[in-house]
Amino acid sequence: MDTMGISNSNKELSTTSIDCGGSFKIKLSLTAEPDISSSPTDIVLILDRSGSMAGSPLANLKSGAKTFIDIIDQATDGTQDGQIGNGSRIGIVSFSTVATQDTQLISSVSELKAAVNGLDAGGFTNHADAFTNALQLFDPNSSNAKVMILFTDGKTTAGGDATPIATAAKLEGVTIYCIGLSGNGG
């Protein structure tokens with residue numbers, strides 16, 4: 001199985017110093033090889049819809065997830081035509097107190113965006129159930145690369161320890177990226 005290595009990275013900070021308890025923004029840009037257009041990849045977006053995501057944090061998450069879907073649409077076949085191309089697929093898992101498989105691994109951009117648009121905030125944060133549901137979406141017989149991208153604003157407040165499930169996923173060849181969001185108290 002091919003692995004994707006980071007070939008270029010760049011970070012931009014919104015400030016040069018920070019006071020205790022302050023916050024700042026980091027913009028991280030990564031370039032990975034090989035190109036997704038020649039290496040089919042199954043990607044599960046794992047989206048936090050817990051209560052602390054209510055309001056603008058969830059709106060920003062939805063906007064970011066839909067932009068990501070558009071980028072993959074463009075990157076897989078050279079055109080933003082509403083279909084993820086060349087055998088790649090995206091699935092949506094959202095979570096709060098429990099996780100939900102909002103889509104299977106699919107290539108329809110409109111169905112993916114509809115699932116993202118349908119998210120509402122409420123409940124606690126169960127990372128273990130999120131990883132469990134995401135892992136179940138992957139076909140173990142598929143030769144596609146497998147990637148999970150978790151977007152969350154907080155610590156686990158429901159369910160068990162997510163570490164054993166994430167470790168099991170990595171042992172099955174899944175690459176996991178965790179994106180920390182600045183939400184209400186996150």
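Two strands pair if DSSP finds at least two bridges between them. Helices (H or I, at least four residues) and strands (E, at least two) are themselves DSSP runs, numbered from the N terminus. In β6, isoleucine 46 has leucine 150 as its bridge partner. In β4, isoleucine 46 stands opposite valine 93.

A word on the model comes next. It is predicted: local features need pLDDT of at least 70, side-chain atom pairs count only at pLDDT 80 or more, and totals for chains, interfaces and linings use all residues. Residues are numbered from 1 along each chain as its sequence is written, and side-chain values use heavy atoms, with hydrogens and water left out.

Now the overall layout. The chain holds four helices and seven strands. From the N terminus on, their order is β-β-β-α-β-β-α-α-β-α-β. Of the 186 residues in the chain, 38% are buried. Buried means under 20% relative accessible area, exposed means over 50%, and partly exposed lies in between (1.4 Å probe, protein chains only). The chain exposes about 9,700 Å², and carbon and sulfur atoms supply 51% of that area. Accessible areas come from the Shrake-Rupley method with a 1.4 Å probe; for residues, only the protein chains shown count as cover. Contacts (heavy atoms within 4.5 Å) reach across the sequence. Among those between residues at least 6 apart, 71% join residues at least 24 apart.

Return to β3. Seven bridges join β3 to β6, and the two strands run parallel. Seven bridges also join β3 to β4, again in parallel. Strand β3 is largely enclosed by the rest of the structure, because eight of its eight residues are buried. Both faces share in this. Thr41, Ile43, Leu45 and Leu47 point one way, Asp42, Val44, Ile46 and Asp48 point the other way, and all are buried.

One of these residues carries a charge partner. Side chains of opposite charge can pair when their charged atoms come close. The structure holds two salt bridges, each defined as a side-chain nitrogen of Lys or Arg within 4 Å of a carboxyl oxygen of Asp or Glu. Aspartate 42 forms a salt bridge with arginine 89, and the closest N and O atoms are 2.7 Å apart. This pair links distant parts of the chain: aspartate 42 sits in strand β3, arginine 89 in strand β4, 47 residues apart. Aspartate 42 is buried because its relative accessible area is 0%. Arginine 89 has 27% relative accessibility, so it counts as partly exposed.

Helices supply another pair. Aspartate 70 and lysine 113 meet through their side chains in a salt bridge (2.7 Å, N to O). Here too, distant parts of the chain are linked: aspartate 70 is in helix α1 (residues 56-77), lysine 113 in helix α2 (residues 109-117), 43 residues apart. Aspartate 70 has a relative accessible area of 17%, so it is buried. Lysine 113, at 22%, counts as partly exposed.

Helix α1 also holds proline 57. Its relative accessible area is 10%, so proline 57 is buried. The C-alpha atoms of proline 57 and aspartate 153 are separated by 8.7 Å, although the residues lie 96 apart along the chain.

Next, look at helix α3 (residues 127-137). It is mostly covered, with eight of its 11 residues buried. Those residues are His127, Ala128, Ala130, Phe131, Asn133, Ala134, Leu135 and Leu137. They pack against β3 (41-48), β4 (89-95), β5 (99-101), β6 (145-152), α4 (163-171) and β7 (174-180). Asparagine 126 caps the N-terminal end of α3, with a side-chain oxygen 3.3 Å from the backbone nitrogen of alanine 128.

Strand β6 contains threonine 152. The side chain of threonine 152 makes a polar contact with the side chain of histidine 127 (2.9 Å). A polar contact is a pair of N or O atoms within 3.5 Å; within protein, one must be able to donate a hydrogen and the other to accept it, and residues adjacent in sequence count only if both atoms are side-chain atoms. Threonine 152 is buried because its relative accessible area is 12%. Beyond its neighbours within four places in sequence, threonine 152 contacts Asp48, Phe95, Thr125, His127, Ile179, Gly180 and Leu181.

Finish on the surface. Isoleucine 26 belongs to strand β2 (residues 26-33). With a relative accessible area of 52%, isoleucine 26 is exposed.
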